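I opened the model today to look up a few packing details. My entries follow.

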Amino acid sequence: MADLEKETQAMPLDAEDGLALAQFIREARRKKGWTLEETGKAAGIGRSTLSKIENNQTRPSFDIVRRLSQALDISTPQLFVQSARNDISGRRDVTLKGQGETRETSTYVHELLCGELVSKSMFPYISTIKSRDVSEFETWIRHAGEEFMFVLSGTLTFFSEHYRPLDMQAGDSIYYDSGMGHGCVSTSEEDAVVLWVSLAT
């Protein structure tokens, strides 16, 4: 357990950086009716570490956030967006073709890209749109920040709570406030594939 505790940085986050993540994790835990101890055990982290994460007192590593998402059945990839301002320059991360981390939900299959950087403002991923009807979504997808989507192949309809449905095809792109409820369904014979880039604000 001591080694796992080292995977967080014992330093406070700016409120705007970590508060959304802290609240998301706390709400997911409470929804399952789990205690801090039960959740920590399921995710393989200490109770005190989880408490600090939920209170925005420490910055969790990408691996810890990933383990928490798996333990709490959180499928929204935006949970992994950890915005942070630092003075490190010259950072680089590479994901070779087909070697991103796969995360599957009932409506999408996501390939997470460049996951080695544990603190970044943008979060890129490629998604295959499995859904064929908006009724397949239990609720709108929404999260803090802004988002860019580029259609790589196939056709789809982009639904959002403030606009009419938008039909899109390969080569089309859209930039929107991701706090606005949204969701995509494939309309082509094959599943549409898109590039998403989320920006934490």
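Which side chain does histidine 110 join in a polar contact? I found serine 127, at 2.6 Å between the side chains. A polar contact is a pair of N or O atoms within 3.5 Å; within protein, one must be able to donate a hydrogen and the other to accept it, and residues adjacent in sequence count only if both atoms are side-chain atoms.

I note that this is a predicted model, where local features need pLDDT of at least 70, side-chain atom pairs count only at pLDDT 80 or more, and totals for chains, interfaces and linings use all residues. Residues are numbered from 1 along each chain as its sequence is written, and side-chain values use heavy atoms, with hydrogens and water left out.

I placed histidine 110 in strand β4 (residues 108-112); strands are DSSP runs of E, at least two residues, numbered from the N terminus. Histidine 110 counts as buried because its relative accessibility is 2% (buried means under 20% relative accessible area, 1.4 Å probe, protein chains only).

Next I looked up the largest nonpolar core, which has 22 residues. Such a core is a set of buried Ala, Val, Leu, Ile, Met, Phe, Trp, Tyr and Cys residues joined through side-chain atoms within 4.5 Å. Met149, Leu156, Phe158, Cys184 and Trp196 have the most contacts inside it. Strands supplying at least two residues each include β4, β5 (122-129) and β6 (146-153).

I then checked cysteine 184. Leaving aside neighbours within four places in sequence, its contacts (heavy atoms within 4.5 Å) include Tyr108, Ile129 and Phe137. I also logged a second, separate core of 14 residues, with Leu36, Ile53, Leu72 and Ile74 among them.

Notes. Helices (H or I, at least four residues) and strands (E, at least two) are DSSP runs, numbered from the N terminus. Buried means under 20% relative accessible area, exposed over 50%, partly exposed in between (1.4 Å probe, protein chains only).
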